[in-house]
Amino acid sequence: MSINSSQYSPKRPSALEFHVQDNIERAILDAMGDDTVTRFTVTKRGGEGILLENEQELPKGADLIAAVSSQKFQTLTIKRHEGQTVRVSRTVSFKISKGKLKRQ
């Protein structure tokens, strides 16, 4: 018994492509694919957009002044245990409206 792979292949090449429909989908997919983002949160904002919050771990010895000045809106969290800094993370917030993507 054998499986005929032509029966399971897409009928058109375009069936393999995923089409992003708006800015919100693009932002979420970008956050999912970003290796520096350890966690992200999506909050609906009245049906017209979202608030996307990306959490990133900062490496040990990172320049905190540079990290704070690199983004307009963010929350910096420093966790210490027995006098030692064990974790530094920041959460960066983005407001994204539900507009159509511009074709490139």
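Contact here means heavy atoms within 4.5 Å. A few notes on the model follow.

1. Ground rules. This is a predicted model, so to speak of a local feature takes pLDDT of at least 70, side-chain atom pairs count only at pLDDT 80 or more, and totals for chains, interfaces and linings use all residues. Numbering starts from 1 along each chain as its sequence is written, and side-chain values use heavy atoms, with hydrogens and water left out.

2. Overall layout. The chain has two helices and four strands, and from the N terminus the order reads α-β-β-α-β-β. Those elements are DSSP runs numbered from the N terminus: helices are H or I with at least four residues, strands are E with at least two. Take the contacts between residues at least 6 apart in sequence: 43% of them join residues at least 24 apart.

3. Surface and burial. The chain exposes about 8800 Å², and 52% of that comes from carbon and sulfur atoms. Areas are from the Shrake-Rupley method with a 1.4 Å probe, and for residues only the protein chains shown count as cover. Of the 104 residues, 18% count as buried. For the labels, buried is under 20% relative accessible area, exposed is over 50%, and partly exposed is in between (1.4 Å probe, protein chains only).

4. Gln56. This residue is in strand β2, residues 49-57, and counts as buried because its relative accessibility is 14%. Leaving aside neighbours within four places in sequence, Gln56 is in contact with Asp34, Thr36, Val37, Thr38, Val88, Ser89, Arg90 and Val92. One of these, Thr36, also makes a polar contact with Gln56, side chain to side chain, at 3.3 Å. A polar contact is a pair of N or O atoms within 3.5 Å; within protein, one must be able to donate a hydrogen and the other to accept it, and residues adjacent in sequence count only if both atoms are side-chain atoms.

5. The structure holds four salt bridges, each defined as a side-chain nitrogen of Lys or Arg within 4 Å of a carboxyl oxygen of Asp or Glu. In one of them the side chains of Arg39 and Glu55 meet at 4.0 Å, N to O. Arg39 is in β1 and Glu55 in β2, so this pair ties together parts 16 residues apart in sequence. Glu55 also pairs with Arg87, with the closest N and O atoms 2.6 Å apart. Here the link runs between β2 and β4, since Glu55 lies in the former and Arg87 in the latter, and it ties together parts 32 residues apart in sequence.

6. The rest of that cluster. Arg87 forms a salt bridge with Glu57 too, the closest N and O atoms being 2.7 Å apart. Glu57 lies in β2 and Arg87 in β4, so the parts tied together are 30 residues apart in sequence. Through shared partners, salt bridges join Arg39, Glu55, Glu57 and Arg87 into one network. Arg87 is partly exposed at 23%, and Glu57 is partly exposed at 34%.

7. Strands β3 (residues 74-81) and β4 (residues 84-97) pair in the antiparallel sense over eight bridges; strands pair if DSSP finds at least two bridges between them. Ile78 has Val88 as its bridge partner in β4. The hairpin has two residues between the strands, and Glu82 takes a positive phi near 50° there.

8. A nonpolar patch. Leu29, Met32, Phe40 and Val42 make a nonpolar surface patch of about 330 Å². Patches are made of residues with over 30% relative accessible area and no salt bridge, joining like charges within 9 Å and nonpolar side chains (Val, Leu, Ile, Met, Phe, Trp, Tyr) within 5 Å. Both α1 (23-33) and β1 (37-45) supply at least two of its residues. Met32 sits in helix α1 and counts as exposed because its relative accessibility is 55%.

9. Gly99 is in the segment after β4 and is partly exposed, with a relative accessible area of 22%. Gly99 and Asp22 are 77 residues apart in sequence, yet their C-alpha atoms are 5.8 Å apart in space.
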